[in-house]
Amino acid sequence: MTAIILAAGYATRLYPLTINRPKALLPINDKPIIDYIVDEIETIDEIKDIIVISNHKFADNFFEWQKSIKSTKNITVLDDGTTTEETRRGAIGDILFAIEEMNIDDEILVIAGDNFFTYKLKDYNDYYRKTDKDCVCVKKFENRELLKQFGVAVLNNEGKVLEIEEKPQNPKGDTVVYATYMYKKDTVPMFRQYIEEGNKPDAPGYFLEWLYKRKDVYAYTFEGECYDIGTPESYKSVCEEFGSNSSKD
């Protein structure tokens, strides 16, 4: 399995924190967000390679980070060549870029580089191995207004995805989809098909919304939290919760 960490966004909603530093390298408790992700990837023996996709603006930041990170995995930083919010490839475009640049012919773990979570990635991988199907991680939400900000899934009793909708105005379910996906080897070529059909290259959830109509997809309901760090306020809140004053940097 190859892990792909999506870190090519420009995080303009987090300005001024991310004017000169990518969101994935913002510290929580004096440790970059991406380091927590790598630590969790370390627990999965099947993963041998980690690909971090950056835009061109922040590529040097990640090359410097790469020199300091300690990992038993082979880490590659991939510059997607974009320089502005307007020219970005989008998350799905970046996944396809990584697949083709690195000639990936393997299972993949795709995870957003700004995901800060407290569940165990190994438990998710165990579920993926057990179901032997494409998987996404999810959690139930009670706040229906918050549901409108996420991808929302409807599941059957076995955890199979019956329906997914990105940011629905009238959510049909109460299960939020998070940007951590495990895809089978035979799903990887379908990213090219998705793009060639003219579908949206942006949020990674759009691919899942397309995929479940073509293949079985199962959902891992995690215990713990997964924080969506999108604004200075949400970043500050997470830093305070985890005992850091890093948001004051």
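Before we start selecting, here is how helices and strands get their names: they are DSSP runs, helices being H or I with at least four residues and strands E with at least two, numbered from the N terminus. You're looking at a predicted model, where local features need pLDDT of at least 70 and side-chain atom pairs count only at pLDDT 80 or more, while totals for chains, interfaces and linings use all residues. Residues are numbered from 1 along each chain as its sequence is written, and side-chain values use heavy atoms, leaving out hydrogens and water.

**Stop 1: the largest pocket**

Pockets and cavities are found on a 1 Å grid over the protein atoms alone: a cavity is a set of points where a 1.4 Å probe fits but cannot get out, and a pocket is an open set with protein on both sides within 12 Å along at least five of seven lines; lining residues have an atom within 4 Å of a point. Grid points are joined across faces, edges and corners, and a volume is the space filled by probe spheres set on the points.

The largest pocket has a volume of about 1,500 Å³. Select Arg 13, Lys 23, Asp 114, Pro 204 and Asp 228: of the 45 lining residues, these are the closest to the pocket's centre.

**Stop 2: the largest cavity**

Searching the whole structure turns up one cavity of 30 Å³ or more. The largest cavity has a volume of about 40 Å³. To find it, select Val 152, Val 154, Glu 163, Glu 165, Pro 168, Pro 171, Lys 172 and Gly 173, which line it. Strands β9 (151-155) and β10 (161-166) each supply at least two residues of that lining.

**Stop 3: aromatic rings**

Rings of Phe, Tyr and Trp (its six-membered ring) pair if their centres lie within 6.5 Å; planes under 30 degrees apart count as stacked, over 60 as edge-to-face and the rest as tilted. The whole structure has 17 aromatic pairs. Show Phe 117 and Tyr 119: their ring centres are 4.6 Å apart and their planes at 25°, so this pair is stacked. Both Phe 117 and Tyr 119 are buried (buried means under 20% relative accessible area, exposed over 50%, partly exposed in between, with a 1.4 Å probe and protein chains only).

Tyr 183 sits in strand β11 (residues 175-183) and Phe 207 in helix α7 (residues 205-211), so the pair ties together parts that are 24 residues apart in sequence. Tyr 183 is buried at 1% relative accessibility, and Phe 207 is buried with a relative accessible area of 1%.

**Stop 4: the nonpolar cores**

A nonpolar core is a set of buried Ala, Val, Leu, Ile, Met, Phe, Trp, Tyr and Cys residues joined through side-chain atoms within 4.5 Å. The largest one has 41 residues, and Ile 5, Ile 41, Val 52, Phe 62 and Trp 65 touch the most other members. A second, separate core of 37 residues includes Ala 8, Ile 95, Ala 179 and Ala 219.

**Stop 5**

Contact means heavy atoms within 4.5 Å. Select Asp 94 in helix α3, which is buried with a relative accessible area of 6%. Leaving out residues up to four places away in sequence, Asp 94 touches Leu 6, Ala 8, Ile 53, Asp 80 and Arg 89.

Then jump to Pro 201, in the loop between α6 (190-196) and α7. Pro 201 is partly exposed, at 28% relative accessibility. Beyond its neighbours within four places in sequence, Pro 201 is in contact with Arg 89, Gly 90, Ala 91, Ile 92, Gly 93 and Ile 195.

Most residues other than glycine have a negative phi, and most peptide bonds are trans. Now zoom in on Tyr 15 and Pro 16, joined by a cis peptide bond with omega about 10°. Finish at Asp 132, in the loop between α4 (121-131) and β8 (134-140): its phi is positive, about 55°, although it is not a glycine.
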